[in-house]
Amino acid sequence: MIADDPTARRRRWHWHWRTLDTAAGGLALDLGLYAVSAIFAAITAVTSTLLPHRAWGAVAAVGYLVAALVAIAQLLLRRRSPASRLVGLPARWAVTGFAWAGTALLPLLWQSIERASGRTDRAQEEVLVVEQAGIRLLEHGTPYLGPDAIAALPPGEQLLGYTPYQPGMAMFGLPRALADTWWTDSRVWFAVGTALALALAVAALRRTPGTTGQAATADTAHRRNAAVLRGVQAATVLPICALTLATGGDDLPVLALCLLALALAAADRPGRAGLAVGLAGALKLFAWPVALVLIVWGLTRRAGIRVAAGAIGLPVAALLPAMLVDRDALTENVLRFPLGHGLVTSPAQSPFPGYLIATALPSGRLIAAALLVAAGVTIAVRLARRPPRTAVATALICGYGLLVAIALMPSTRFGYLLYPLALLTWAPALHRPVDTPTASVPADLSGRTTSA
């Protein structure tokens, strides 16, 4: 029996996904997304042990249910009138916007207003940490407390004394340093940053020229726009993203900036792509692997320096002031705490393989760390041997690489999966539109198209 060719498997997977994604003009998958999300939100509202999550679920379940009912109505209308504007792509964009407003923005504003009225159970700890970081940045020039200051806190408050983010994240906490009201809640500004970055990403993709230098056909443009919509749904209405934005929020602007960087790469704007991923890297370490892969992509286009200038320069520029003010505080918060060597340990304990190995086996943390390093070396070798030559390949490597890293990290959270899920769903939107039948030919991870 002849072994199945990996390229053939990829092509079949691509064909199956495309069939599912385009069924009933995309409305079938829309309905599935909203219906499953409604069930998830309802279960969260009833069973979650985190009060902000329960509050999110109670509101979001209604938003998802309404979106699912609208999708059902669109499917029924499509059977009677396939050419109706109410079932086309603009209508699907409108429903997606409504779903994001009802499942992320409305719960976010509701919780922010209730928190401003005195409710102490309407925000996750990340919100408090970022706002305190903004206050410290304004008053002391650094968002970080030193190890001595953290040790002087009561034991129950030492965890909140840590700011395990890059210095740029404190910018979202600056409004709270200026005024104590609902609109200065850091989640409001996370949402503003996320919406702005996604809007710029969509605009960049819509302006991307075809690879032949000519205008794409109407059918090609429609497929491209449908893929962009699916990518935006993955970054907004997917429950893991909507829940995160409404209750904590710090990961969403980082993710959105990474998606913007990839969109700019697809538009052949390497310098701007470097700036976008550099802004993300100035907020959180999760963007740094994306930056490294984008730099490799830039090298294949003789633009590595232009990408690296922003991708490395902006995070370094953000770190320098904090380093000059208090180097020990920076090291304690950004290095020691995430690596498990702080005064307290991270509460991130989702049951992924890395965590299970670290807790169940002798010397488990060392074993998990070794596996994580081995995975990193494997990806590095892959990048050296077959560097990504397209934005699609770059997104796929970033998505699968982060998925492996999240699975193997000794301390991780289920919510971190929003990064690989969104990156992998974003990849089809990054294809350069062409006028020839090769538009439907899938590319492998190096960016080379496979023959039929």
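Where is Asp268 found? I find Asp268 in the loop between helix 11 (251-266) and helix 12 (270-281). Helices here are DSSP runs of H or I, at least four residues, numbered from the N terminus.

Notes on the model. I am working with a predicted model, in which local features need pLDDT of at least 70, side-chain atom pairs count only at pLDDT 80 or more, and totals for chains, interfaces and linings use all residues. Residues are numbered from 1 along each chain as its sequence is written, and side-chain values use heavy atoms, with hydrogens and water left out.

Positive phi. I looked up phi for Asp268 and got about 60°, a positive value although the residue is not a glycine. Asp268 is partly exposed at 33% relative accessibility. By the cut-offs, buried means under 20% relative accessible area, exposed over 50%, and partly exposed in between (1.4 Å probe, protein chains only). I then turned to Ala24, which is not a glycine either and has a positive phi near 55°. Ala24 sits in the loop between helix 1 (6-22) and helix 2 (27-47), and its relative accessible area of 26% makes it partly exposed.

Ser411. I located Ser411 in the loop between helix 18 (391-408) and helix 19 (418-426). Its relative accessible area is 27%, so I list Ser411 as partly exposed. From Ser411 to Phe352 I count 59 residues in sequence and 9.0 Å in space, C-alpha to C-alpha.

Cysteines. I searched the whole structure for disulfides (pairs of cysteine sulfur atoms within 2.5 Å) and found zero. For Cys258, the nearest cysteine sulfur is that of Cys398, 7.7 Å away. That distance is too far for a bond. Cys258 is buried at 2% relative accessibility, and Cys398 is buried at 4%.

How values were computed
Helices (H or I, at least four residues) and strands (E, at least two) are DSSP runs, numbered from the N terminus.
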